[in-house]
Amino acid sequence: MTAREAAPTLVKLAAAAASLALFLTAAPPARPAAPAPALSPLPGPEAHLPPLPAVSPRNANYTIEARLDPEAHTIEGTLVLDWRNTSATAFTAFPFHLYWNAFRNNLSSSARGEGLRTTRRPDRGFGYTHVRSVHLLGEEGEVDLTPSIRFLQPDDGNTDDRTLMEVTTPQAVPPGGGARFRVAWSSQVPYGDRGRAGWVHDFHFVAQWFPKIAGLWKGGFNAHQFHARPEFFSDFGVYDVRLTVPRDFVLGATGRLVGQTDGPEGTRVHHYMQEDVHDFAWTTSRRFREARGRFDDAGYPPVDIRLLVTPEHEHLAQRHIEATKIALRTYGTWTAPYPYPQITVVDTAWNSGAGGMEYPTLFTAGTFIWAPEVLRSPESVTIHEAGHQFIYGLVANNEFEEGWLDEGFNDYHEEKAKAWTLGPTGWGRRYFGLLDGRRGSRAGWPVVAPGVHIGRSGGDLEDLREHGQADVMARRGWEYRTGPSYSLNSYGKPALSLRTLEGLLGEETMVRVMRVYTRRFRFAHPTTDDFVAVVNEVTGKDWRWFFEQTWFSSDLLDYAVTAKSTPVRRARGFVDGGPGNPPAPASSPAPAPGEGPFDSEVLVERRGGVRMPVEVLVEFADGHQVREAWDGQYRWARFRYTRPARVARAVVDPEGKLALDVVPANNAWMADEPNVARRAAAKWAARWMFWLQHLLELHAVLG
């Protein structure tokens with residue numbers, strides 16, 4: 001290419017580079033001052049709330065010893081489970097989850113439903129948990145239960161699935177009784193570019209990794225196979241865990257570090273313990289760097305924050321720590337304070353699929369090396385996963401069957417926490433990299449449009465419009481028709497429904513509902529009906545109708561408004577001629593064009609199946625306002641007015657209380673004002689055309 005030929009391209013490249021630099025260097029919008037939460041986290045005015053339990057039932061207590069070979073990616077482990085029967089049923093059959101058998105081959109139910117969770121090297125994606133032996137320990141000796149092992153497939157009958165194992169005891173364990181099991185097992189850690197656990201390079205994230213007894217729920221064991229979409233469910237207990245890894249590996253885990261001892265062959269044993277949790281996860285890598293923070297706001301128990309971060313993300317460490325503090329502060333105010341003295345944040349390795357997952361006192365975040373603050377990453381993921389310490393970690397609903405009680409509740413609180421403390425999220429896209437949907441994956445150059453922000457739950461409404469009628473929300477996690485339907489009904493729709501409930505109840509009442517719910521069911525396994533009962537109790541009214549239309553229905557909510565104004569009709573024909581006189585010809589003068597009075601009509605329509613009470617704001621051209629209330633039951637309602645001025649604007653749901661409304665664009669009507677409309681259109685068209693021009697230039701240069 002000659003210099004003459006190259007000149008136009010260089011000019012375009014320079015213009016595109018300048019545009020890109022503007023995107024990348026634009027300052028984020030100023031953060032609004034964060035208002036104090038509506039209710040104090042301190043006791044006193046809220047002393048009437050349910051008391052917080054001091055300890056959990058502690059009916060599933062584990063003592064575990066395990067050794068990782070990071071080169072072979074294998075684990076050898078033994079555990080002793082002290083189990084207590086808190087139900088009213090006697091048991092001789094005891095189910096255990098073996099989650100990593102979902103990766104044993106391509107015939108498991110998870111693999112059949114979603115495809116083997118790996119992409120580049122299918123052979124590395126395989127993993128398993130092999131139980132070598134199970135013994136029942138008692139005062140009179142040991143009973144070998146290994147011959148009784150069998151595999152269960154209660155959900156789909158797939159005999160190739162081995163994610164649920166059962167053993168049988170010679171005598172039944174009665175209500176209030178206990179049993180002690182010793183289990184020895186070996187595991188092959190799967191490659192971790194897709195699943196919630198696994199290895200990438202020397203990074204190992206080890207979760208759902210040991211044979212775990214099924215949780216008790218509604219009088220029996222709640223035992224399901226592993227499916228790709230739903231998450232997990234288990235009982236509370238005390239974990240005493242010793243983990244052996246090479247001495248040069250940094251390790252983080254659930255709970256507090258009790259001690260470390262050097263072992264043979266260059267290994268180190270890390271001893272962790274935690275009471276009153278329902279799971280245990282850990283991670284290790286040579287590359288981890290450590291950063292620390294401390295949450296010590298007045299009125300909250302202090303919490304030590306430990307961040308394990310990869311070297312390329314060290315510059316984002318403080319943002320992870322501050323986002324964790326936001327979650328501890330806001331969730332602790334709106335529900336109940338975090339009770340553990342420590343929390344561990346894990347920045348997962350590049351190409352790992354373990355990002356964005358939650359475990360008691362430990363969670364994984366997710367970010368990318370180029371992370372403009374306006375995009376709220378890593379803040380969003382960090383707040384979300386730290387928030388799960390409260391709803392899932394402390395209030396442990398059944399994620400197999402009612403995932404919306406944790407994911408949806410957490411989405412609701414996450415969006416609220418970000419709006420209060422960080423302000424709006426900026427609009428942006430990433431270019432020149434991969435965005436392949438892996439958990440925690442972010443790639444490419446961040447291109448940000450300054451001054452353009454994303455409203456709360458905008459993407460959720462789009463998903464609700466597209467997928468909302470595919471499934472009823474209240475459905476077991478593996479029974480939804482598609483992946484998008486699962487995500488919508490576990491995350492977006494319940495969050496939008498809680499925002500709608502808050503709009504109808506008011507924020508103070510909604511916070512009180514959450515406080516009663518999370519205190520009453522701390523260290524417990526609440527159900528949907530338990531939450532509905534709390535709403536009814538706090539409000540003193542029956543709100544079942546609300547949940548029947550949202551959680552137990554696939555109908556959509558959509559209200560729309562239109563209006564029109566016409567001059568008051570002048571009399572024509574004959575009018576009353578007075579007492580005793582015949583009708584006289586009408587003689588009303590015609591009003592001047594554009595002058596009143598006017599007959600106005602505002603029409604509000606219910607275009608969806610969901611019925612909600614709704615408000616209507618009517619504004620007239622002379623500044624007068626009228627507010628109407630409609631029960632929203634029939635398909636439409638009409639409001640008529642005779643006033644000197646026309647209707648200038650009509651808005652249904654003017655306060656935005658009905659967050660579930662799938663078409664917000666039809667919630668407002670405005671009279672045709674050419675000058676105003678043209679100015680607004682020109683403003684937005686110019687802004688978007690400017691960005692579009694530069695993006696097209698960038699594409700032309702590098703395409």
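**Helix packing**

Tutor: In this predicted model, Glu407, Gly408, Phe409, Asp411, Tyr412 and Lys416 of helix 5 meet Ser490, Tyr491, Gly492, Pro494, Ala495, Leu498, Arg499 and Glu502 of helix 7. Contact means heavy atoms within 4.5 Å, and helices are DSSP runs (H or I, at least four residues) numbered from the N terminus.

Student: What classes of residue are in the contact of helix 5 with helix 7?
Tutor: Six nonpolar, three polar and five charged residues. Ala, Val, Leu, Ile, Met, Phe, Trp, Tyr, Cys and Pro count as nonpolar, Asp, Glu, Lys and Arg as charged, and the others, Gly among them, as polar.

Student: At what angle do helix 5 and helix 7 pack?
Tutor: About 60 degrees, with their axes 7 Å apart. Axes are lines fitted to C-alpha atoms, for helices over the stretch in contact, and angles run from 0 to 180 degrees between N-to-C directions. Helix 5 and helix 7 are therefore oblique to each other (under 35 degrees is roughly parallel, over 145 roughly antiparallel, 65 to 115 roughly perpendicular, the rest oblique).

Student: And how far apart are the axes of helix 4 and helix 5?
Tutor: They are 9 Å apart, at an angle of about 130 degrees. That makes helix 4 oblique to helix 5 too.

Student: New topic: what is the mean pLDDT of the protein chain?
Tutor: It's 87, and 83% of the residues reach 70 or more; pLDDT is the predictor's confidence in each residue, from 0 to 100. Over residues 115–119 the pLDDT stays under 50.

Student: How are residues numbered?
Tutor: From 1 along each chain as its sequence is written. Local features need pLDDT of at least 70, side-chain atom pairs count only at pLDDT 80 or more, and totals for chains, interfaces and linings use all residues, while side-chain values use heavy atoms, leaving out hydrogens and water.

Note on methods
Helix = DSSP H or I, 4+ residues; strand = E, 2+ residues; numbered from the N terminus.
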